[in-house]
Amino acid sequence: MNISKAKEQIRNAITAYLTKDDLGNYVIPVEKQRPVLLIGPPGIGKTAIMEQLASELDIGLISYSMTHHTRQSAIGLPFISHKVYGGEECDVTEYTMSEIIASVYDLMETTGVRQGILFLDEINCVSETLSPLMMQFLQYKVFGGHRLPEGWIVVTAGNPSEYNDSAREFDIVTLDRLKKIDVEPDFEAWKEYASAVHMHPAVMSFLQSKRNHFYHVETTVSGKSIVTPRGWEDLSKMLQLYEKNGIEADEDLIVQYLQNRKTAKEFAVYLDLYNKYR
């Protein structure tokens with residue numbers, strides 16, 4: 001499905017998960033709230049729709065890229081705790097609060113928001129040492145003995161293995177505990193978002209007539225060729241700032257965002273004509 005439909009699916013899941021009964025308890029218990037798993041190519045707006053949903057639903061948002069996390073930062077650091085069991089004293093290893101869980105509590109303390117989205121990007125690229133703990137977290141919402149607060153919905157995202165060499169497939173046991181949504185790039189869906197954020201008109205008119213340039217990811221003998229919605233949006237912002245400051249945008253700038261020489265050249269020619277005749 002496209003990113004717009006995926007957004008609605010996630011919105012509906014959040015609405016259902018946050019529904020309470022007459023006693024104030026969540027109708028679907030936390031341990032039964034399946035995390036959402038968005039799988040799709042890079043740069044199509046997976047992170048952007050999380051920001052939109054949090055704003056539209058007036059809930060919190062904490063985002064993490066899991067490729068940057070080690071076992072220690074995810075579950076916390078070990079420390080020795082003195083315990084007494086059955087009248088016998090013993091030392092037990094416990095863990096400090098996970099950086100990820102702590103960030104949720106920090107947001108709750110500073111904003112007063114009690115419900116939100118914990119967005120874990122690149123979930124299928126975690127290290128081998130962290131992978132078993134991540135699977136446990138997805139099922140039980142617990143890191144190192146510390147539980148994710150109630151009212152926080154887990155949404156994850158990842159790229160298919162053909163786009164990321166470090167990506168790994170989830171096993172059947174894990175997939176059976178997730179709400180998996182496959183997302184594909186779609187210009188019509190992106191166009192609504194682009195209009196809302198005031199995309200540069202040259203970008204919009206170019207893509208309207210040349211939609212084959214909207215998305216392109218390929219590995220060739222010359223290297224990687226990448227054109228994504230994220231690239232178009234970031235280029236749009238730069239074009240607007242160049243115009244504001246009287247700087248001329250050329251192909252050397254464009255190819256930094258549209259990392260495909262043919263697409264960059266075609267858009268550079270179009271932009272030159274656009275500036276002359278608009």
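Me: What is a cavity, and what is the volume of the second largest cavity?
Reply: On a 1 Å grid over the protein atoms alone, a cavity is a set of points where a 1.4 Å probe fits but cannot get out. Volume is the space filled by probe spheres set on the points, with grid points joined across faces, edges and corners. This is a predicted model, in which local features need pLDDT of at least 70, side-chain atom pairs count only at pLDDT 80 or more, and totals for chains, interfaces and linings use all residues. Here the second largest cavity has a volume of about 30 Å³.

Me: Which strand gives the most to the lining of the second largest cavity?
Reply: Lining residues have an atom within 4 Å of a point, and for this cavity they are Y17, V30, Q33, K141, W152, I153 and V154. Strands are DSSP runs of E, at least two residues, numbered from the N terminus. With three residues, the top contributor is β8 (residues 152-158).

Me: How many charged residues are in the lining of the largest cavity?
Reply: The lining consists of I3, I44, E184, P185, D186, W190, F214 and P229. Asp, Glu, Lys and Arg count as charged. Beside six nonpolar and no polar residues, the charged ones number two.

Me: Which helices do the buried residues of α8 pack against?
Reply: Helix α8 spans residues 201-209, and its buried residues (under 20% relative accessible area, 1.4 Å probe, protein chains only) are A202, V203, M204, F206 and L207. Helices are DSSP runs of H or I, at least four residues. Residues are numbered from 1 along each chain as its sequence is written, and side-chain values use heavy atoms, with hydrogens and water left out. The packing partners are α7 (187-196), α9 (229-244) and α11 (261-277).

Note on methods:
On a 1 Å grid over the protein atoms alone, a cavity is a set of points where a 1.4 Å probe fits but cannot get out, and a pocket is an open set with protein on both sides within 12 Å along at least five of seven lines; lining residues have an atom within 4 Å of a point. Buried means under 20% relative accessible area, exposed over 50%, partly exposed in between (1.4 Å probe, protein chains only). Contact means heavy atoms within 4.5 Å.
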